[in-house]
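Subject: Structure handover

Hello,

Here is the structure for you to open. Please read the notes below with the model in view.

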Amino acid sequence: MKPTAQEIVLAEPRGFCAGVDRAIEIVERALEKFGRPIYVRHEIVHNTYVVNDLKSRGAIFIEALDEVPAGATLVFSAHGVSRAIQDEAKARGFQIFDATCPLVTKVHVEVAKLAREGFEFIMIGHKGHPEVEGTMGQLDGGIHLVEDVADVAGVRPAQTDKLAVVTQTTLSVDDAAQIMAAVKARFPNVRQPKQQDICYATQNRQDAVKIMSPQVDVVIVVGSPTSSNSNRLREVAHKLGTPSYMVDNADELKPEWLAGRARVGLTAGASAPEILVQQVIERIKALGGASVRRMEGIQETVKFPLPKGMRLDEKTPGRAP
């Protein structure tokens with residue numbers, strides 16, 4: 001059956017957030033200022049297109065610090081790293097630039113502060129995700145990961161008088177709320193975050209999908225499989241009863257997803273560049289033709305400052321001008 005899409009509805013906001021913009025700019029500026037290669041610990045953001053583009057310009061993505069030669073420039077990814085990684089990088093004498101999203105850093109700072117006051121922690125997040133590993137790695141122990149409501153019953157803190165919750169920033173708002181409710185039911189005196197740990201960009205993009213989903217027949221999310229916030233966007237649409245699919249690029253879009261569906265909703269995770277969205281639009285048009293309508297939505301104005309030493313005219317400590 002030939003696709004019959006008549007309208008593409010573009011979610012607003014979508015795509016890059018301030019933390020992703022900042023992280024990519026840090027790598028780009030490091031390459032311009034210091035030349036290739038620049039080493040990056042883990043993918044700077046979870047997007048195949050972005051990573052491959054930076055690779056082509058001289059970035060080398062590594063997991064273990066022993067892959068980095070002495071004296072090299074090293075960038076920490078937007079997801080953050082553990083204290084052990086930070087300490088090892090300093091001990092090895094690398095020129096370090098931290099591209100950790102400031103909203104993730106805020107969680108790290110809060111964990112360290114409360115730990116000094118004797119708190120243990122429950123972290124709501126996904127095992128193995130680099131942000132979770134980075135946050136849990138701020139402490140030597142006393143932080144318990146829960147991935148779903150069922151996990152809450154298995155938490156065994158050493159004490160419950162001082163117990164706090166922290167959250168992976170890219171979770172589904174609804175899922176985090178359900179797990180938080182289970183935590184409060186079991187530990188009524190638990191300390192909740194002063195402000196919601198789930199970042200503004202994650203929430204804004206999920207809210208846009210909630211508004212868009214009832215208006216369309218299918219939702220397409222542009223994002224890489226490793227991107228937590230992109231996966232959550234697809235889940236939000238699915239839970240609202242709208243068929244939803246995620247694509248890393250336009251070539252992954254399957255014509256059968258659009259067959260018989262007049263309105264296609266399109267959004268992108270916070271690490272997916274707009275060029276990929278435009279390529280998906282062209283692919284949908286090629287499969288049957290469609291007009292494009294942009295939803296009204298929140299206009300994001302957040303911008304995070306770059307680390308010291310990133311201005312191209314700024315001398316970096318320990319480096320020749």
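A residue is called buried if its relative accessible area is under 20%, exposed if that area is over 50%, and partly exposed in between (1.4 Å probe, protein chains only). The model is predicted, so local features need pLDDT of at least 70 and side-chain atom pairs count only at pLDDT 80 or more, while totals for chains, interfaces and linings use all residues. Residues are numbered from 1 along each chain as its sequence is written, and side-chain values use heavy atoms, with hydrogens and water left out.

Searching the whole structure gives two aromatic pairs. Rings of Phe, Tyr and Trp (its six-membered ring) pair if their centres lie within 6.5 Å; planes under 30 degrees apart are stacked, over 60 edge-to-face, and the rest tilted.

Phe34 and Phe97 are stacked, at 5.8 Å centre to centre and 20 degrees between the planes. Phe34 is in helix α1 (residues 18-34) and Phe97 in strand β5 (residues 95-98), so this pair ties together parts 63 residues apart in sequence. Helices (H or I, at least four residues) and strands (E, at least two) are DSSP runs, numbered from the N terminus. Phe97 is buried, at 2% relative accessibility, whereas Phe34 is partly exposed at 22%.

Tyr245 and Trp257 have ring centres 4.2 Å apart and planes at 5 degrees, so they are stacked. Tyr245 belongs to strand β10 (residues 244-247) and Trp257 to helix α10 (residues 255-258), 12 residues apart. Trp257 is buried at 12%; Tyr245 is partly exposed at 24%.

Regards
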